[in-house]
Amino acid sequence: MLSPGVSHRQISDIAGMVFHVKRRSLLSGILARSQAVTVAAPVSRETLTPMQESETIEQIDDTPIARAAQAAVQALGRAGEGLPRPSATRVIVVANQKGGVGKTTTTVNMAASLAMHGLRVLVIDLDPQGNASTALGIDHHAEVPSIYDVLVEGKPLADVVQPVVEVEGLFCVPATIDLAGAEIELVSMVAREGRLQRAIQAYEQPLDYILIDCPPSLGLLTVNALVAGQEVLIPIQCEYYALEGLGQLLRNVELVRAHLNPVLHVSTILLTMYDARTRLASQVAEEVRNHFTTEVLSTAIPRSVRVSEAPSYGQTVLTYDPGSTGALSYLEAARELALRAVGQAGPAASTQAAAEALDAVGQHRHTIGAQASPVAEQSTMEGNR
Ligand SMILES: Nc1ncnc2c1ncn2[C@@H]1O[C@H](COP(=O)(O)OP(=O)(O)OP(=O)(O)O)[C@@H](O)[C@H]1O
Ligand SMILES: [Mg+2]
């Protein structure tokens with residue numbers, strides 16, 4: 001039996017060939033569908049009745065290969081369009097202390113989508129697991145210069161940035177296992193919450209986006225990210241416990257905003273692993289949209305095997321299978337993100353309101369007293385895995 005990678009590559013190759021041979025008919029097919037007009041298939045048009053013509057198109061479009069090629073055409077067409085360049089670097093913290101909700105997947109695929117639109121994007125892997133580094137094909141064994149050296153040793157960011165080979169304009173600061181000790185090492189350091197912020201401010205290369213992939217906790221690493229960023233992107237998995245713990249994250253964002261970083265706000269919420277076949281997914285999506293009226297992107301990321309396979313090949317889904325639904329969804333989500341203004345009206349107020357609403361429905365009953373160093377107090381709190 002073929003391994004998934006071999007099988008996928010073969011399908012891609014075949015899809016490429018089919019694409020060249022049938023490009024005209026496929027494009028006709030796409031146009032025909034979008035305009036609700038029946039267009040003839042590329043075979044002896046004169047000999048077919050209109051009914052036979054439309055059946056032929058159905059046959060061509062309905063094979064898996066033709067569908068893959070068709071989706072690839074659409075995806076690549078979109079990627080070439082270009083997106084607006086922000087006036088200043090947007091630093092986006094991808095956070096949710098709940099584990100396995102799609103933080104890393106979202107970080108790398110959004111970053112790749114933005115870079116494929118011609119923007120310059122840096123991914124900072126701030127999770128000792130190093131999953132974002134793996135997904136971008138960046139070596140992150142213990143000796144590799146990494147974000148640990150930046151945070152703990154004070155090394156310049158420029159010394160640890162690596163280009164992502166597969167995607168032009170995309171760069172990565174890897175995380176190694178050393179980072180696991182950084183939470184403890186940072187505790188005794190001066191201005192421990194602002195070390196990443198200072199490193200980013202000192203980085204002189206022009207960038208349009210910096211995406212920071214946080215670990216599943218609200219410790220000092222996440223606090224460093226929140227202090228360094230302007231925006232928070234929260235991926236929410238469409239499952240039963242989706243909103244549990246979210247109030248805590250929102251309160252931490254509020255604490256950091258109040259004490260350390262006045263521009264910080266939750267700008268974006270992305271629904272991930274959405275399974276349209278289940279009522280639960282649509283109920284969760286509806287509930288999230290009720291709580292966060294302006295922040296939720298209209299694009300939800302579907303559950304997709306291609307998305308979960310891509311990291312094992314050191315790739316994002318954008319390069320692994322550009323025509324897949326996962327790739328298309330991330331392209332669309334990145335597009336929405338880029339087209340949104342940085343400073344949406346009243347983001348802080350709406351975050352506060354959402355946190356209060358979550359408390360009100362009895363899902364989140366955490367007490368955060370007014371402490372002398374509230375962020376530091378919060379920093380020991382571990383999230384769910
Ligand atoms: N849209 C999707 N479809 C299918 N699988 C997905 C999708 N998004 C993420 N996954 C899979 O779900 C798992 C968790 O995703 P991911 O690692 O991105 O979450 P995370 O929030 O970064 O996790 P952690 O909290 O451990 O850092 C991974 O195995 C990933 O491949
Ligand atoms: Mg992760």
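Reply: A residue counts as near a molecule or strand if its C-beta atom, placed from the backbone, lies within 6 Å of it. This is a predicted model, in which local features need pLDDT of at least 70 and side-chain atom pairs count only at pLDDT 80 or more, while totals for chains, interfaces and linings use all residues. Residues are numbered from 1 along each chain as its sequence is written, and chains are lettered from A and ligands numbered from 1 in the order in which they are written.

Me: Which helix gives the largest share of the shell around ligand 1?
Reply: Ligand 1 is surrounded by 20 residues, the closest being Lys 103, Thr 104, Thr 105, Pro 216 and Ser 308. Two helices (DSSP runs of H or I, at least four residues, numbered from the N terminus) each supply at least two shell residues, namely helix 4 (103-116) and helix 12 (305-309). The largest share, 3 residues, comes from helix 4.

Me: How many residues in the shell around ligand 1 are polar?
Reply: Ala, Val, Leu, Ile, Met, Phe, Trp, Tyr, Cys and Pro count as nonpolar, Asp, Glu, Lys and Arg as charged, and the others, Gly among them, as polar. On that division, the shell around ligand 1 has 6 nonpolar residues and 3 charged ones, and its polar residues number 11.

Me: At roughly what angle do helix 4 and helix 14 cross?
Reply: In this contact (C-beta atoms, placed from the backbone, within 7 Å), Asn 109, Met 110, Ser 113 and Leu 114 of helix 4 meet residues of helix 14 including Tyr 330 and Leu 337. By class the contact has 8 nonpolar, 2 polar and no charged residues. The two helices are therefore roughly perpendicular, a term for angles of 65 to 115 degrees. Their axes, lines fitted to C-alpha atoms over the stretch in contact, with angles from 0 to 180 degrees between N-to-C directions, come within 8 Å and cross at roughly 70°.

Terms used: Angles under 35 degrees count as roughly parallel, over 145 as roughly antiparallel, 65 to 115 as roughly perpendicular and the rest as oblique. Two residues are in contact if their C-beta atoms, placed from the backbone, lie within 7 Å.
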